[in-house]
Amino acid sequence: MSPTPATPDAPVTPAGPPATPLDEAPATGSGQPGERRRFRAVLALARFETHDLLTQIQILFFFALCLGLVVLQMVRQEGMDDYPILNMVDRDTQTVPPLFALAVLVCANAAALRSRKYGTVHQFDVLAMDSWRRTLAHILSVVPFAALTALLVLARYTREALKPGAIGHGSLGELVVGPLTVLLAGVVGVLLARLLPSSFTPILFVIVFYLAVVVASELAGQGKGWAWQWLSPVSLDSVPSGDPVPSDLLGRPAAWHALYLLGLCAVVACAALLLSGGRTRAVKAATALALATTMAGVIGQVPRDTAALEEARKVASETPLKVQSCTKYDGSTYCSFPEWNGVRDDWSGVVRRARSLAGGTAATRPLTIRQRIDVTGGVEQDSSLTALTTPGEVTVGTHWGGNRVPEFAVGVATVLVTGTEEATTGELCGDARAVTIMWLALGADPTPLATFRDVRLDDSDKGSAVILAPTSGFSLGADQTTVVRELLDRPRAEITERVKTHWTELTSASTTTAQAAKLLGVPVPKEAEKCEE
Amino acid sequence: MTIDPLTEPSTLRADGLALRFGGTRALDGVSLRLTRGVTGLLGPNGAGKTTLLRVLATAVPADDGRFTALGHDPRTAAGRLALRRELGYLPQTPGFHPDFTAFEFVDYVAILKELTDRGARHREVRRVLDAVDLSDVRGKRLKRLSGGMRQRVALAAALVGDPGFLVLDEPTVGLDPEQRMRFRDLIAQAGEGRTVLLSTHQTEDVAMLCHRVVVLAGGRVRFEGTPAELTARAAGRVWSSAERAPGALAGWRTGMGTFRNIGAPPAGADLLEPTLEDGYLLALDGESAEVTA
């Protein structure tokens, strides 16, 4: 056999029998795979990518940081943490995940860029898995990190919710924001890799995005429109501020915002798939659904019945009884917003202790405890409550636990001693009533001197200071401070006996501090100082 | 395994493949047939070898012409997918993910080949790493492996999933002689029962490995046949002379100080035993500037 000489136009082929038709050629593969098998391959790749992301130092560092912060929040020992307000705790869970989201964004971007960076993209392009399915795997690979974040959020929230003093209820819409933030960041990382394939892109994006969020938060804070707050995926003012308020007064479209974030995740994911060539019917349908979901989220967040919300806040601030219920314990009435019903017992304990130290009719005088808020100026600022003028009525706020307990005790004692909350600086300065109030508030406390320092604005037990109370509080002169400190050092039974014996004098505006000291059997202070303004 | 190219059925048939890059005809009506076993693809730089391999590996579609491989027509999505599932492709300069271990990299490729059963896939990865003699370093990161080892990882990645059609683009470039010998052995093993298309500059590779050879130049097939047939084409067309023969298609000074000439010998010329390289150079018909020295 001799081959035909090769010419440029006629390839040389050896002579011989015709080749077997290609249809009869041996096929070594398994043929057309089913869509299910293809999706299983995507899941396998997603699992591989998740494992790879888990080994990234940025991910490990930021996750450890977030875990540490959450654990810190969980083990923090402050009195008020014993009575967590769950409609604030849910929002508080949104503060930590953005840190983790940052790492997920950068690492997901790096993973999606890997093939391009190391020149394997052309090798992989001829393999069975399409480019857009690889992108889908990258998107799915960040889902476990969102789930991990959800676990952190759940752990934090559950711990708070299981505390016996937990108040109110959280919102699922608020709780899912943290995990959705992480998911969105990861998906954005993948999209950026497909849109602007450079390792500098995510860093640039994070800087620009941060600045945008700062501006949006600033504008939202200035009340320039709901969109600045609710269309930004991340809000810098997610840290709850202001006094706790009933959930229905928050006016936060949390569920719609969560839906908006979910839709946004899906839109970004679909954009990444489409950019990768995944222009299948399923992806197009998913894109349409994602856009519809996002739009529904946007529309749902548009403030609609603001007048009703403002009216509800006005009612809660000015005529709370319309939305409150009341209970009687030991002759006193306790009125609270429904979510605070469980705290009434604790309030009654404080009242009982203060009354047990009082003399005269105060020991049995029925009080009315009114829970109050002032949200007429919005819910993001602390309430400034004016003193009640009705005799026998005591204000209690929406925070409970920690320092709020002795502050409430001061409020109760003020009403027991003076009849109303209207004890101003001028009225109590220099007379015996301030001393008596402090005794009633602190006399039954297990650590009275420490609590005394806590209810003083200057946290000391010397000199004059403002005494904190649920409303305006009052000033305690240096001489009164000296007497109170002496009282708290003495045996409780002895002082209680003297207080009850001299109740009329000790609750009279005409009795001086020096006279009170004599009546109570403690050294008379050398000189009276001016009260703190 | 002995393969008879005359009776072996075709596993790949290409007809009139053409591809342009701007004004350049990278492929100009390439038609060829491949069978099981190793087929060498010889050609000078710029001959279109890599382009042809990329077309056959479904990396780029041809502007014109068609081909079927293992019974699959890649012009349809289903055919392309079916072919890709049976394809092993080792590009000229394979990329690597340096932070992956050898095992991870091959496993990654196996996933992209849609091997979904984790246990079976891992067994397959271990098998191919064992086949390329890298079992001992499978846990090492690729950035810590030598160039030769990485090339074997790339071959393992091409082999994973037991593809029926293997496309190897100059896999021995940059390897030292010992590594090249090892690679030849691996390719020879890979050719058992598979269709292997091996692009190379090295005629020794073809002589030692291939049962068929295709010579490509200027985007056209210049020869298609067995290595022996290519060698035979130079019979009576290689001669020795004391000076460079003016009419020779190619010629070079040998270590003995005489010139080895290829072309139409003058009468009474001192004819030499032809080699595969002589046949290859003749097939190029002076197209490559590299063949004259």
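In chain B, 4 strands form an open antiparallel sheet in the order 11-12-10-13. Strand 11 (250-253) and strand 13 (270-271) of chain B are at the edges, each with a single partner strand, so one side of each is left without a neighbour in the sheet. The model is a predicted one, in which local features need pLDDT of at least 70 and side-chain atom pairs count only at pLDDT 80 or more, while totals for chains, interfaces and linings use all residues. Residues are numbered from 1 along each chain as its sequence is written, and chains are lettered from A and ligands numbered from 1 in the order in which they are written. Helices (H or I, at least four residues) and strands (E, at least two) are DSSP runs numbered from the N terminus; two strands pair if DSSP finds at least two bridges between them.

Within this sheet, strand 12 (residues 259-262) of chain B pairs with strand 11 of chain B in the antiparallel sense over 4 bridges, and Arg260(B) is the bridge partner of Trp252(B). Strands 11 and 12 of chain B form a hairpin with 5 residues between them; in the turn, Gly257(B) has a positive phi of about 95°. Strand 10 (residues 238-241) of chain B also pairs with strand 12 in the antiparallel sense, over 4 bridges, with Val238(B) opposite Ile262(B).

A further open sheet in chain B has 3 strands in the order 2-1-4, with antiparallel pairing. Strand 2 (24-35) and strand 4 of chain B stand at its edges with a single partner strand each, so one side of each is left without a neighbour in the sheet. Neighbouring strands of this sheet are turned by 15° against each other on average, direction ignored. Axes are lines fitted to C-alpha atoms, for helices over the stretch in contact, and angles run from 0 to 180 degrees between N-to-C directions. Strand 1 (residues 10-21) and strand 2 of chain B pair over 9 bridges in the antiparallel sense, Ala18(B) having Asp28(B) as its bridge partner. Helix 1 (residues 49-56) of chain B lies across strands 1, 2 and 4 of chain B and runs at about 60° to strand 2.

In helix 2 (residues 77-84) of chain B, the buried residues (20 or more other C-beta atoms within 10 Å of the residue's own, C-beta atoms being placed from the backbone) are Leu81(B), Ala82(B), Leu83(B) and Arg84(B). In chain A, 18 of the 19 residues of helix 9 are buried, so this helix is largely enclosed by the rest of the structure.

Terms used. A residue is buried if 20 or more other C-beta atoms lie within 10 Å of its own, exposed if 12 or fewer, and partly exposed in between; C-beta atoms are placed from the backbone. Two residues are in contact if their C-beta atoms, placed from the backbone, lie within 7 Å.
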